[in-house]
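Reader: I would like to learn how to read a protein structure feature by feature. Could you take me through this one slowly, giving the general idea before each case?

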Amino acid sequence: MRLLFGFSLITHAANLFILAMSGEPGTKASPIITEGVTQYVDPLPQALILTAIVIGFGVTAYLVVMLYRLFRDNDTTDVLEMFEDDGSMDRGVAGSKEQRETN
Amino acid sequence: MITNSVILPIIIPFITAVVLLVWRRPSVSRRLFVGLASLFVFFVSIFLAYQTYHHGIHVLRFGGWQPPFGIVLTVDLLSAIMLSLSGFIVFCSFLYGFAQQSTSDENPLRLPLVLFLLAGMNMAFSTGDIFNLYVAFEVMLIASYALMTLEADAKCSKHALPYITINLFGSAIFLMAAGLTYSLLGTLNFADIALRAAPYVDDPRLMVIAIMFATVFGIKSGMFPLYYWLPKSYPILPAPLAGLYGGMLTKVGVYCFIRLFATILPHDLVSIHWFLAVMAGPTMIFGVIGAMSKGSIRSILSYHIISQVGFMLLACGLFTPFGMAACIFYVVHHIIVKSSLFLVGGIGQEINGSDELNKMGHLWRVAPIVGIVFLIQALSLAGLPPLSGFWGKYMIVVTGIKMANPVAYVLVACSILAGIWTLVSMLKIWFASFWKNPDDVSVTIQNPRWKRMTAVVVMMVMVSLTIGLGANFYMGVAEKAAQMAMDQGTYIERVLGVNAAELYRNKNDLHKVASRSSLVASVDEKLETRDQRPETD
């Protein structure tokens, strides 16, 4: 569950980051051509963010379904618990690393 | 006409996939349709490779917008080679899947998802724009997440979680890196970045951008500290998809590394090239050590992907034209060999009912052809002459020795060691599954269709053998591709026009950038006021 919220946070952070990259808005006008205005806000980052939001939405939808499926398969949403009783294929570096990360 | 065909490798899989979403019921005619579509993509890619080999880079400007404003697709020889490979592997994976399952067992969503994956990969290979690359990555990744969990059973589905998590994180970093690039250089177009980044060589900001991209592509390709998701998630895939993932997906990351360092960023970022080469050492060693410790065919092969990616990154990081050619040759060799090995593993699984090595045996007795095929590809992976792997490794070692640098010598030693250990772990598979005839393991032929599956793999081995035996021709192509990818001047000329290329060639007088054409000038003024570029003399 926390994974999902973490993911939403980080995508929003990335989107805001791009918005910040378009510079100080100050007194600049919105990027729609009107007479007598010469200073516009750079529209490209806004277009990028729009795309990124759409993609983020799709991925979030997938992630929700995926987590629900993991919940049904393992009866838990706790990643640590999920990987606890793992005999089959992840002994060794990979398994322990994963567990350390979730700690 | 020819320029417009650049879009075909993206649009055909996409349309086919949408049609298949409507045409839900698996049937023979549906399979025929998909097979023909993927074959067509393959032929278009080969045609593009032929065209780019003889006539240089193709640039498709969407809507006629002049770069750097519009979206462009640029296909050079390297892109065309990758397009052909992805078309070929997807076609083989389809054939193998058709051979393995009858239509009644087929999951109706598998084919459309693979096609979306193909569309995403092809877009990543042919785009000329960083943000487009991000979108392509997302298309590819979402399809790959879904494919990974589509046919996994309840016990295995959780192993997809590390893969998904780390790639989501990677995507966020990618997005931020794209934002930083835009704020620093005011452009996202590859050629325009190449043009404008030159004065920033000593600027830490460009370094940060390069490192962020290297992290993203490192996650994607399984570079040393970022690889732990790979050997956990690939073994849960069914064999034809494991072949596709193992062959193609990590190589998208490697392709992006080549594109990033050779075409986009200035060639003077020596410290990052060395960083890449040095990281390649542990990638090779840890990958192969992991492989030796594993006990099932698919896990062993998954770890081998990591160690092989190390070879490619080493060749890319040494950053000489010959090294780049070695990298491209190695990618070509590796994709075919690795996919076919995963597919051989799948056949073994059908015959023995498992791909855990201690539950296998008798394969040589039952299916000698599979044994021969496996041996050829395994020895090729380990790098024995005259198979294709030998030439790739040979070129990398020669490049390393030519550097005449102690670090390069150590890295070359690592690569030779990794080659020997690869052979050891391949022989482990060979002895356990083909050679020994334990009494407690019975041959339960789960699926009588394994003979047809073998035919597909034999076809791939033939292709692989021609690479090994006709190495001279493939070498020539790889060298030309490398030279094309590294020639930023021509790239800029093709995308942005002659004036921009002139400017690039006398790159020291940056302030001329503003006056390169009346169209660009207005925007440049805006950029100039926005981020107060430092004057460089």
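Author: Let us begin with a definition: helices (H or I, at least four residues) and strands (E, at least two) are DSSP runs, numbered from the N terminus. By that rule, chain B comes to 22 helices and two strands, while chain A has four helices and zero strands, its elements running α-α-α-α from the N terminus on. Please keep in mind that this is a predicted model, in which local features need pLDDT of at least 70 and side-chain atom pairs count only at pLDDT 80 or more, whereas totals for chains, interfaces and linings use all residues. Residues are numbered from 1 along each chain as its sequence is written, and chains are lettered from A and ligands numbered from 1 in the order in which they are written.

Reader: What radius of gyration would a compact globule with 537 residues have, and what does chain B have?

Author: The radius of gyration is taken over C-alpha atoms, and the globule rule is 2.2 Å times the number of residues to the power 0.38. For 537 residues a compact globule would come near 24 Å, and chain B has 23 Å, which agrees. Taken along the principal axes, the C-alpha atoms of chain B fill a box of roughly 80 × 60 × 40 Å.

Reader: How is burial judged, and what percentage of the residues in chain B is buried?

Author: A residue is buried if 20 or more other C-beta atoms lie within 10 Å of its own, exposed if 12 or fewer, and partly exposed in between, with C-beta atoms placed from the backbone. Buried residues make up 61% of the 537 residues in chain B, and 23% of the 103 residues in chain A. One buried case is B:Val457, found in helix 18 (residues 450–469) of chain B, which counts as buried because 27 C-beta neighbours lie inside 10 Å.

Reader: Which residues does B:Val457 touch, not counting residues up to four places away in sequence?

Author: Two residues are in contact if their C-beta atoms, placed from the backbone, lie within 7 Å. With those sequence neighbours left out, B:Val457 touches B:Ser340, B:Leu343, B:Val344, B:Ile347 and B:Val373. For chain B as a whole, among contacts with a separation of 6 or more, 80% are between residues 24 or more positions apart.

Reader: How should I describe two helices that pack together, for example helix 15 and helix 17 of chain B?

Author: Two packed helices are described by the angle between their axes and the distance between the axes. Axes are lines fitted to C-alpha atoms, for helices over the stretch in contact, and angles run from 0 to 180 degrees between N-to-C directions. Helix 15 (residues 368–382) and helix 17 (residues 406–435) of chain B pack at about 165°, with their axes 8 Å apart. Angles under 35 degrees count as roughly parallel, over 145 as roughly antiparallel, 65 to 115 as roughly perpendicular and the rest as oblique, and helix 15 and helix 17 of chain B are therefore roughly antiparallel to each other. Among the residues making the contact are B:Gly371 and B:Phe374 of helix 15 of chain B, and B:Gly419 and B:Trp430 of helix 17 of chain B.

Reader: At what angle do helix 12 and helix 13 of chain B pack?

Author: Helix 12 (residues 297–318) and helix 13 (residues 321–352) of chain B pack at about 175°, with their axes 9 Å apart, and are therefore roughly antiparallel as well.

Reader: What is the phi of B:Phe319, and where is this residue found?

Author: Most residues other than glycine have a negative phi, and most peptide bonds are trans. B:Phe319 has a positive phi, near 55°, and is found in the loop between helix 12 and helix 13 of chain B. B:Phe319 is buried, with 22 other C-beta atoms within 10 Å. B:Ala404 also has a positive phi, near 50°, and lies in the loop between helix 16 (388–402) and helix 17 of chain B, but B:Ala404 is exposed, with 8 other C-beta atoms within 10 Å.

Reader: How many residues of chain A are in contact with chain B?

Author: There are 32 residues of chain A in contact with 30 residues of chain B. The largest share of the side of chain A that touches chain B, 13 residues, comes from helix 2 of chain A.
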